[in-house]
Amino acid sequence: MKVFEINLLKQIKEFLYVNQFSKTLMAYMNYFLSIIFLFFINTCEGYIYDLSVCAIFKNEAPYLREWIEYHRLIGVKHFYLYNHDSTDHYDCILEPYIQLGIVELENAINYPDFNGTQVDCYNRCLIKSRGVSTWVAFIDIDEFILPALNVDLAWLLSHYINYAGVALNWRCFGTSQIANLKEDELMISQLVMCSLPDYSANVHVKSIVRPELVVQFCCPHNPVYVPGYYAVDVDKFPQEGPLSQTVKLNQIRINHYWTRDEHFFTQYKKPRRLAWGDSEAQIYLFLKDLNVDRDETILRYISRLKIAIEK
């Protein structure tokens with residue numbers, strides 16, 4: 001797509017977003033402009049990026065570099081990142097990537113609930129990425145997309161090009177009984193204990209989408225697609241909603257390092273679950289369930305990831 005066409009449509013979208021009269025009106029405008037993007041995409045030259053990632057983060061500086069370099073290894077070309085009131089040294093970590101044009105960084109806008117903050121970031125990313133990136137994965141910093149085979153993820157996604165999105169299941173990982181992660185070792189090399197494949201939490205999905213075929217996000221796990229288009233699972237069966245009927249870890253999945261180490265779990269995750277109304281017994285049962293199996297599939301990337309980080 002020509003640069004002036006991208007900029008014109010982005011300006012229209014940004015004006016509508018900032019000056020929206022209501023969420024309902026914005027949804028219809030999103031739909032209308034998605035159709036315009038479809039026209040341009042079908043009549044103009046291609047995208048700038050094959051695959052990008054969008055994520056929101058807060059005080060996750062120690063994990064950012066590993067997460068970015070890992071996803072670059074599997075084929076991600078660009079990152080749309082949103083800072084949610086971080087007070088750590090995230091800017092020092094991200095500045096080299098910003099200078100190279102690999103990362104675009106913006107501040108998140110606070111809403112009364114975090115869900116609103118997150119989906120707002122996702123919808124802002126949709127505005128920026130339409131006509132620019134063929135695919136955009138909407139994930140968190142503790143989530144690592146893992147192709148089943150050692151192949152480029154963008155190449156795998158080319159087999160789903162006729163669909164609006166691909167829904168990927170979690171495999172939730174626990175603390176591996178590690179009190180504190182070693183700073184001189186990669187997180188994904190240390191956290192290898194996880195849930196059973198068919199564990200109930202693993203039915204959650206996250207989405208990799210074609211931005212021009214998405215109207216908007218209302219839920220962080222899955223968006224509303226342009227009428228007539230839909231997402232599929234890795235086996236190309238239609239997927240609706242944030243939960244799948246079965247857990248499919250073949251082809252592509254997400255390693256979800258929800259707890260990180262014992263310290264992170266105790267200081268951050270446990271208080272959050274208590275605030276959500278879970279009992280302490282429920283929380284520790286959940287933690288136990290995340291440390292019952294072992295999965296080292298992602299370790300095939302460790303040697304190359306170390307080299308990338310040391311550059």
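User: What percentage of the 311 residues in the protein chain is buried?

Analyst: A residue counts as buried when its relative accessible area is under 20%. In this predicted model, buried residues make up 54% of the 311 in the protein chain. The accessible surface comes to about 14500 Å², and carbon and sulfur atoms hold 56% of that area.

User: How many helices and strands does the protein chain have?

Analyst: The chain has 10 helices and 14 strands. Among its contacts with a separation of 6 or more, 77% join residues 24 or more positions apart.

User: At what angle do helix H8 and helix H9 pack?

Analyst: Angles over 145 degrees count as roughly antiparallel, and 65 to 115 as roughly perpendicular. H8 (residues 262-275) and H9 (residues 280-289) pack at about 135°, with axes 10 Å apart. The two helices are therefore oblique to each other, and their crossing is right-handed.

User: Which residues of H8 and H9 meet?

Analyst: From H8 come Glu 262, Phe 265, Lys 270, Arg 273 and Leu 274; from H9 come Glu 280, Ile 283, Tyr 284, Phe 286 and Leu 287. By class, this contact has six nonpolar, four charged and no polar residues.

User: How are H3 and H10 placed relative to each other, and which residues meet?

Analyst: The axes of H3 (residues 61-73) and H10 (residues 302-310) come within 9 Å and cross at roughly 120°. H3 and H10 are therefore oblique to each other, in a right-handed crossing. Arg 65, Glu 66, Glu 69, Tyr 70 and Leu 73 of H3 meet Arg 304, Leu 305, Ala 308 and Ile 309 of H10. That contact has five nonpolar, four charged and no polar residues.

Technical notes
Residues are numbered from 1 along each chain as its sequence is written. This is a predicted model: local features need pLDDT of at least 70, side-chain atom pairs count only at pLDDT 80 or more; totals for chains, interfaces and linings use all residues. Side-chain values use heavy atoms; hydrogens and water are left out. Axes are lines fitted to C-alpha atoms, for helices over the stretch in contact, and angles run from 0 to 180 degrees between N-to-C directions. Helices (H or I, at least four residues) and strands (E, at least two) are DSSP runs, numbered from the N terminus. Angles under 35 degrees count as roughly parallel, over 145 as roughly antiparallel, 65 to 115 as roughly perpendicular and the rest as oblique. A crossing is left-handed if the near helix is turned anticlockwise from the far one by less than a right angle, and right-handed if clockwise. Contact means heavy atoms within 4.5 Å. Ala, Val, Leu, Ile, Met, Phe, Trp, Tyr, Cys and Pro count as nonpolar, Asp, Glu, Lys and Arg as charged, and the others, Gly among them, as polar. Buried means under 20% relative accessible area, exposed over 50%, partly exposed in between (1.4 Å probe, protein chains only). Accessible areas come from the Shrake-Rupley method with a 1.4 Å probe; for residues, only the protein chains shown count as cover.
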